[in-house]
Amino acid sequence: MAEQRLVLERPLGRVTVHLSTLEAIAARAVEKVEGVRPLRGGGGLMNIFAGPEEGLLITLGEERVDVELRIAVVLGYPVHEVAQGVQQAVREDLEGLAGVRVGRVDVFVKQVIPPQEALVLEEESEEGGENNG
Amino acid sequence: MAKEEEFVSETGPEEGKVSISRDVIATIAGIAATEVEGIAPPKGENFPRGGAARKLVETQLAEGRVRIGIKVSVIYGHPVHEVAQKLQERIKEEVEKMTALPVEAVDVEVTRVVFPEEEHPEEV
């Protein structure tokens, strides 16, 4: 699959931004929101956002993008607030750090994760995923 | 060297001509890029020079004007679009100052963002 690019025409020439750049910025924005975890069965926090089927899908329009996200929320956090936080963080970072207009940010909360498991996931990712217990 | 490999400016029939190779333009653009805040140098080092720079910098000459294309990574936290615009200004300024060739456009391609914890960005 050829990588998609966002093309911005500027007075001094064309600015092309690879989609992977936008994905990295959006993924990092999601990570900053408290109470969000990647969906189970995926790799690390970044890996989960790697494929369009998994966590993050960005659709390019003309100088505008739409975002679709699949996340898990840690049990105990208010799901709608976390989801709204994700929407806001992704929109802010894409607009602020990439200069793109953001259309829709659709968030699908697919799972909730019990806090104990969330802790285990955190330890695993801190240890570089060596601990499989 | 083949003619398309260099940019020639005619100063006049008496003074002779000045010819500037693509490598020179690519190198000037590459160095200018390292001076822009937010641009991640390839592999954590200085911007490659000469022939190596041409992998990342493309130069075209059309009707006496230069068009430059450059691929870069941006350090996470810096606004990609603003860094790209500063890069365009900087490259146009430097290349025009040092070669006296008019720069028509600087096309910037942002291939990725580099996170601070990544020591060595992969080469794109």
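## An exposed alanine

A100(B) is exposed, with 11 other C-beta atoms within 10 Å. A100(B) is not a glycine, yet it has a positive phi of about 65 degrees. Its place is the loop between α3 (80–99) and β6 (103–114) of chain B.

The model is predicted: local features need pLDDT of at least 70, side-chain atom pairs count only at pLDDT 80 or more, and totals for chains, interfaces and linings use all residues. Residues are numbered from 1 along each chain as its sequence is written, while chains are lettered from A and ligands numbered from 1 in the order in which they are written.

## Two chains in outline

Chain A has 3 helices and 6 strands. Chain B also has 3 helices and 6 strands. Here helices (H or I, at least four residues) and strands (E, at least two) are DSSP runs, numbered from the N terminus. The order in chain A is β-β-α-β-β-β-α-β-α. In chain B it is β-β-α-β-α-β-β-α-β.

How much of each chain is buried? For chain A, 37% of its 133 residues count as buried. For chain B, it is 38% of 124 residues. Now take contacts, meaning pairs of residues with C-beta atoms, placed from the backbone, within 7 Å. Consider those with a separation of 6 or more. In chain A, 65% of them link residues 24 or more positions apart. In chain B, that share is 63%.

## Strands of chain B

Strands pair if DSSP finds at least two bridges between them. β3 (residues 39–40) and β5 (residues 65–75) of chain B run antiparallel, joined by 2 bridges. I39(B) has V74(B) as its bridge partner in β5(B). β4 (residues 57–62) of chain B also runs antiparallel to β5(B), with 6 bridges. There, V57(B) is partnered by I70(B). The hairpin of β4(B) and β5(B) has 2 residues between the strands, and E63(B) takes a positive phi near 50 degrees in it.

β5(B) pairs with β6(B) in the parallel sense, over 10 bridges. V66(B) stands opposite V103(B) in β6(B). The chain goes from β5(B) through α3(B) to β6(B), a β-α-β crossover that is right-handed. Right-handed means that, with the strands pointing away from the viewer, the path from the first strand over the helix to the second runs clockwise.

What length does α3(B) reach from its first C-alpha to its last? This helix of 20 residues reaches 28 Å, close to the 28 Å expected at 1.5 Å a residue. The expected span is 1.5 Å times one less than the number of residues. Buried residues of α3(B) include V80(B), V83(B), A84(B), L87(B), I91(B) and V95(B). An α-helix has 3.6 residues a turn, so residues three or four places apart point the same way.

α1(A) has 13 residues, which should span 18 Å; its end C-alpha atoms are 18 Å apart, so the two agree. This helix is mostly covered, with 10 of its 13 residues buried. Among them are L22(A), I25(A), A26(A) and V30(A).

## The core

A nonpolar core is a set of buried Ala, Val, Leu, Ile, Met, Phe, Trp, Tyr and Cys residues joined through C-beta atoms within 7 Å. The largest one has 63 residues. L22(A), A26(A), V30(A), V86(A), L94(A), A29(B) and I70(B) have the most contacts inside it. Which residues does A26(A) touch, leaving aside its neighbours within four places in sequence? They are L56(A), I58(A), V67(A), V90(A), D93(A) and L94(A).

## Where the chains meet

The contact between the chains takes 18 residues from chain A and 19 residues from chain B. On the chain A side, β1 (5–10), β2 (13–18), α1 (19–31) and α2 (79–98) each supply at least two residues. β2(A) gives the most, with 6 residues. By class, the chain A side has 8 nonpolar, 7 polar and 3 charged residues. Ala, Val, Leu, Ile, Met, Phe, Trp, Tyr, Cys and Pro count as nonpolar, Asp, Glu, Lys and Arg as charged, and the others, Gly among them, as polar.

A strand pairing also links the chains: β2(A) and β6(B) pair in the parallel sense over 3 bridges. V17(A) stands opposite V110(B) in β6(B).

Note on methods
Buried ≥ 20, exposed ≤ 12 C-beta atoms within 10 Å, placed from the backbone. Contact = placed C-beta atoms within 7 Å.
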